[in-house]
Amino acid sequence: MSVDTSPRTTGPSGLGDGPSLKQPSLPRRTGTFTAVAAVLLALGFRALGFGWVPAVFLAWLVVVIVVPLWSTSVEGSRKAIDRLVTILVTSAFALAMVPLAQIMYTVVSNGASVMGIDFFTFSMRNVIGEGGGIYHAIWGTLLITLATTVMSVPIGVFTAIYLVEYGANNRLSGWIRFLVDVMTGIPSIVAGLFAYALFVVFFGPGVRMGFAGAVALAVLMIPVVVRSVEEMLKLVPNELREASYALGVPKWRTIVKVVLPTALAGIVTGVTLAIARVIGETAPLLITVGVSDSVNFNIFDGRMATLPVFAFNSIQSPGFPPGPSIDRAWGAALVLMIIVMLLNLVARLVSYVFSPKGER
Amino acid sequence: MAKSIDVSDLDIYYGDFLAVEGVTIPIRARSVTAFIGPSGCGKSTFLRSLNRMHEVIPGARVEGKVLIDGQDLYGADIDPVAVRRQIGMVFQRPNPFPTMSIYDNVLAGSKLNSKRMKKADADVIVERSLRASNLWVEVKDRLGKPGSSLSGGQQQRLCIARAVAVEPQVLLMDEPCSALDPISTSAIEDLIHELKEQYTIVIVTHNMQQAARVSEETAFFNLAGVGKPGRLVEVGQTTKIFSNPDEEATEAYIQGRFG
């Protein structure tokens, strides 16, 4: 059988008879140009005497109307809609970034002034007015969060393993999922009151200890861990489980040696996000752990200071003069933010190191 | 060390749904038996019931008898884990463990079961298994690389090496070449020819030529009708099935006059 290799002749031009594939379009850098124009417009409206918010809004409005109209006249309606939606999505992102940038700026600009060796190495014991530090609160936060993590991660991970590997849509796992969802919605103050009431039963009224705070935070953290780990375990392909079973590996070993390692990166990320969720909780710690000016390394005995409660208390009862105390509150908030950021970095690193090789 | 399998009157269910009905088939030791038939007729389901992988799916169960050298596979005192150690399986899509190196993937059967072995013994098993699956020459210089860094065909041969490394008595292959190019397919068929000296091999395939090339016996599965369970139509010598089958349906399917 011979194969026809002669070129196909489709029309006098050699390009075929169908409609041309070429279409007019806006200049390639229209996106960048649009952004620059929006900024210039906003500055222009500002110069005309508008406030910042109306100026930005007017500039945005002009861009949203002009660019799609221009695009319609040159490129047609499909591309015009594409440009309109691109602008809407991008501005939604920018809008979401505004509070984040604002918070970062406020906390850093207010909190940076108190940063120094003393701030990290001194507690507030016998400090009135200027000076003092958050050494005690950093330790309190780290110890209580560590105790919370030590309690929540095993319970959360084991629950997730049950839900994904054993519970396969039976009635009990349905109930667990429902209750976990309910737990996710518990207000933190309720968790604090629960832990306080629980510890009062054993230690009598007025009990204050770091461990009670850790229990309250665990109530908040467990559902977050369960849900995120459950999602991660579901992502592990069933083929890997079957491959392991087919080699004569029992189910529990398959879970320990195949499923968990494959999902490890995601699990670590989920746990870190859960820690970030509880490390800034104030209300439950205020009830269960209380306020302290001194260093206390024993989470099973007595009041402890924690960063969020320290910040709250420094603002709430600053003493006289109030300035230094309020500065310290901002400093504590900044340190808390830095701790959460460091945790996220560590989680990224851990995910990178443990993620399945060859798929990076 | 190879074992024969005797299946008599096996019904396979997913919950209330009868997927495969009344299969009776003898599978000889040290030979290759091929299952052919249209998609969805229960070949893979039946194959999975031969090493109790079927019951990994919730609600799945079987009725009937599967005898491995006289032992009832579905007897009350049979441990499915022990069964799977003796009856290995290669899947349709290559599934090396992404967290393990090539070397560890081959040894996965023992590593996952935490068996201790000397480094020298382990090296011997890895080399022998990879040579058996025609992969040794290609990977011997990068055994520490992740298994997922190999090409699809190499991954599939890695999975065969992994199944062979635990020295099973029976090897079940579920369309092992369906995702492979002709060269890798040919390498795997050569491998099947070598492996049948030692193992009982059962292979599901959609490729008639492949069934004709590699198998001694061929079984044709078909659906009794739309919505009805799959059943075994005919089983016999491959040469006979492909030249002069007893059933009209078999001949129609093999000649491509199906559906």
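## Two loop residues in chain B

Arg52(B) sits in the loop that runs between helix H1 (43–49) and strand E4 (60–68) of chain B, where helices (H or I, at least four residues) and strands (E, at least two) are DSSP runs numbered from the N terminus. The phi angle of Arg52(B) is near 60 degrees, a positive value in a residue other than glycine, and Arg52(B) is buried at a relative accessible area of 10%; buried stands for under 20% relative accessible area, exposed for over 50%, and partly exposed for what lies in between (1.4 Å probe, protein chains only). Asn134(B), in the loop between helix H5 (119–132) and helix H6 (136–139) of chain B, likewise has a positive phi near 60 degrees without being glycine, but Asn134(B) counts as partly exposed at 29% relative accessibility.

## Basis of the model

This is a predicted model, in which local features need pLDDT of at least 70 and side-chain atom pairs count only at pLDDT 80 or more, while totals for chains, interfaces and linings use all residues. Residues are numbered from 1 along each chain as its sequence is written, chains are lettered from A in the order in which they are written, and side-chain values use heavy atoms, with hydrogens and water left out.

## The two domains of chain A

Chain A is divided into domain 1 (30–113) and domain 2 (125–359), with bounds that come from an automatic or database domain assignment. The centres of the two domains, taken over C-alpha atoms, are 38 Å apart, and 8 residues of domain 1 are in contact with 6 residues of domain 2, contact being heavy atoms within 4.5 Å.

Between them the two domains of chain A bury about 580 Å², of which carbon and sulfur atoms give 83%; buried area is the accessible area (1.4 Å probe) that two parts lose on being put together, summed over both. On the domain 1 side, Val107(A), Asn110(A) and Gly111(A) lose the most area to domain 2, together 62% of what that side buries.

Helix H9 (residues 238–246) of chain A is mostly covered, with 7 of its 9 residues buried, among them Leu240(A), Arg241(A) and Tyr245(A). Just after H9(A), Gly248(A) takes a positive phi of about 80 degrees.

At the interface between the chains, 21 residues of chain A are in contact with 28 residues of chain B, and the two chains bury about 2100 Å² between them, 64% of it on carbon and sulfur atoms. In chain A, Glu242(A), Ala246(A) and Leu247(A) lose the most area to chain B, together 28% of what that side buries. The rule finds 2 salt bridges across the interface of chain A and chain B, including one in which the side chains of Glu239(A) and Arg93(B) meet (3.4 Å, N to O). The elements that give two or more residues to the side of chain A that touches chain B are H9 and helix H10 (251–279) of chain A, and the largest share of that side, 7 residues, comes from H9(A).

Conventions. Salt bridge = Lys/Arg side-chain N within 4 Å of Asp/Glu carboxyl O.
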